[in-house]
Amino acid sequence: PADVTAECDAVPAVAPNSDIVATDNCAAVADITITYDGETIFADLGTQDCDNSYLIVRRWSVTDECENTTIVSQNIQVVDTTAPELTIPADYTAECSDDHPMDDASATDNCAGDITIDVVMTTIPGDGAGCYTITREFTATDGCGNFSSETQTITIVDTTAPEFTSIPSDYTAECSDNILFEAASATDNCGEVTIDVVETTIPGLCSGDYTITRAFTATDDCGNATSATQIITIIDTTAPEFTSVPSDYTASCDDDLSLVFALDDVFATDNCGGVFITLEEVTAIGSVQGSFTLTRTFTATDDCGNATDAIQVITVEDNTAPELTIPADYTAECDEALTYDEATATDNCGELVITVTEVTTPGACAGDYVITRTFTATDDCGNATSATQTITIIDTTAPELSIPADYTAECSDDHPMDEASATDNCGEVVITVETVTTDGACAGDYV
């Protein structure tokens with residue numbers, strides 16, 4: 001057989017003697033004896049520096065009938081040029097938070113001997129901390145330096161969104177309270193988390209009522225996001241407070257009440273916004289003219305309809321007596337016609353009634369006396385003013401006397417003593433007579 005080169009796993013079998021062809025110069029082919037002498041292995045004559053490279057020398061002896069022998073040989077150069085067959089772990093995709101199994105590879109070789117498997121692992125960054133690729137390049141090398149390489153690709157993905165560990169609770173607050181804008185917190189299965197918040201204010205029906213919506217978005221490095229919302233409800237349930245309200249007071253019915261109706265002295269504040277002040281007045285008439293009660297209800301209302309009332313009570317009274325003008329005092333003769341003039345009066349608030357009481361005080365005589373006229377002006381509230389007129393009646397006029405006429409008579413005649421008569425302008429007259437006899441020149445002459 002011819003010399004050959006064979007793989008270590010494909011060394012040809014020993015050729016049978018029948019395959020050996022020999023010729024002899026004298027003998028027939030049938031008379032030639034062919035004998036297989038065996039083989040010799042020369043390890044150090046291999047073409048490769050490895051255990052699976054060696055030389056096999058196979059020898060045959062060819063002998064003719066005359067014992068002439070020829071030795072022939074076949075050289076089989078054994079080589080190992082076939083790389084191992086490598087079996088590596090399958091490619092896979094896993095979450096960054098999952099276990100990442102690094103299974104070993106295995107290899108077989110066509111020839112006996114040790115196989116060394118080396119692995120080179122390379123990490124290729126992705127778009128985020130939780131997104132990357134691991135390549136594992138396995139190389140199986142046999143003892144003759146033949147090698148096979150295969151690559152396993154492990155794709156690490158982050159498809160899991162962060163989880164909020166703390167989200168501020170919804171709450172309701174007064175518009176005047178401090179609003180707490182607390183932060184949220186979140187964790188991720190693989191890396192850092194960025195939390196963004198967008199605040200939106202939704203107006204309510206009034207300036208002190210509104211809603212703040214806080215949308216939290218937790219995003220990891222690979223763009224996975226989780227959202228949560230906090231709602232802060234702002235309300236205005238607090239009514240305004242009056243800072244200045246007119247005090248209650250009592251006024252006279254003739255005071256100028258026009259200043260009472262001004263709102264300039266009424267002030268109120270609100271915890272959240274502006275205040276609108278309205279006034280409602282109710283008058284309660286008193287039992288008498290000129291007296292009444294004015295109740296003023298001030299209402300301070302904010303924009304949300306919260307209201308506070310304050311009350312001022314103004315009591316209007318009539319404590320002023322009328323002003324009375326009476327007739328002047330005078331003195332009159334008892335025979336004069338007396339003038340009973342009326343008094344006049346005015347009141348600051350209403351109607352009045354004037355009454356008069358007359359008292360006559362006798363004097364020393366019938367024609368002397370005093371009339372006292374007491375005038376009283378009373379208004380509807382019972383306030384009264386009194387004044388007195390004095391009329392003095394006097395009698396300074398003497399009676400008018402009518403006496404008998406003078407006459408001359410003989411001493412022997414009757415001497416009539418007629419009565420005198422008298423009238424008075426005011427009353428009775430008492431006539432007294434005093435007789436005085438004046439003697440004349442003789443007994444029969446006298447006056």
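Student: Is I431 buried or exposed, or does it fall in between, and what is its relative accessible area?
Tutor: The model is predicted: local features need pLDDT of at least 70 and side-chain atom pairs count only at pLDDT 80 or more, while totals for chains, interfaces and linings use all residues. Residues are numbered from 1 along each chain as its sequence is written, and side-chain values use heavy atoms, with hydrogens and water left out. Buried means under 20% relative accessible area, exposed over 50%, and partly exposed in between (1.4 Å probe, protein chains only). I431 therefore counts as partly exposed, and its relative accessible area is 38%.

Student: How much accessible area does the nonpolar surface patch containing I431 have?
Tutor: Patches take residues with over 30% relative accessible area and no salt bridge, joining like charges within 9 Å and nonpolar side chains (Val, Leu, Ile, Met, Phe, Trp, Tyr) within 5 Å. Areas come from the Shrake-Rupley method with a 1.4 Å probe, and for residues only the protein chains shown count as cover. Together with L401 and I403, I431 forms a nonpolar surface patch of about 300 Å².

Student: How many salt bridges does a search of the whole structure find?
Tutor: The criterion is a side-chain nitrogen of Lys or Arg within 4 Å of a carboxyl oxygen of Asp or Glu. Applied to the whole structure, the search finds four.

Student: Why does the salt bridge between E199 and R214 tie together separate parts of the chain, and how many residues apart are they?
Tutor: The two side chains meet at 3.2 Å, N to O. E199 belongs to strand β14 (residues 193-203) and R214 to strand β15 (residues 210-220), so the parts joined are 15 residues apart in sequence.

Student: What is the N to O distance between E358 and R373?
Tutor: R373 is buried, with a relative accessible area of 2%, whereas E358 is partly exposed at 43%. Their side chains meet in a salt bridge of 3.3 Å.

Student: Which strands stand at the edges of the open sheet of four strands?
Tutor: The order in this sheet is β12-β16-β15-β14, with mixed pairing; two strands pair if DSSP finds at least two bridges between them. An edge strand has a single partner, so one of its sides is left without a neighbour in the sheet; the two edge strands are β12 (171-174) and β14.

Student: How many residues lie between β21 and β22 in their hairpin?
Tutor: Ten bridges join β21 (residues 292-302) to the antiparallel strand β22 (residues 307-317), and F292 stands opposite V316. In the turn, G305 has a positive phi of about 85°. The number of residues between β21 and β22 is four.
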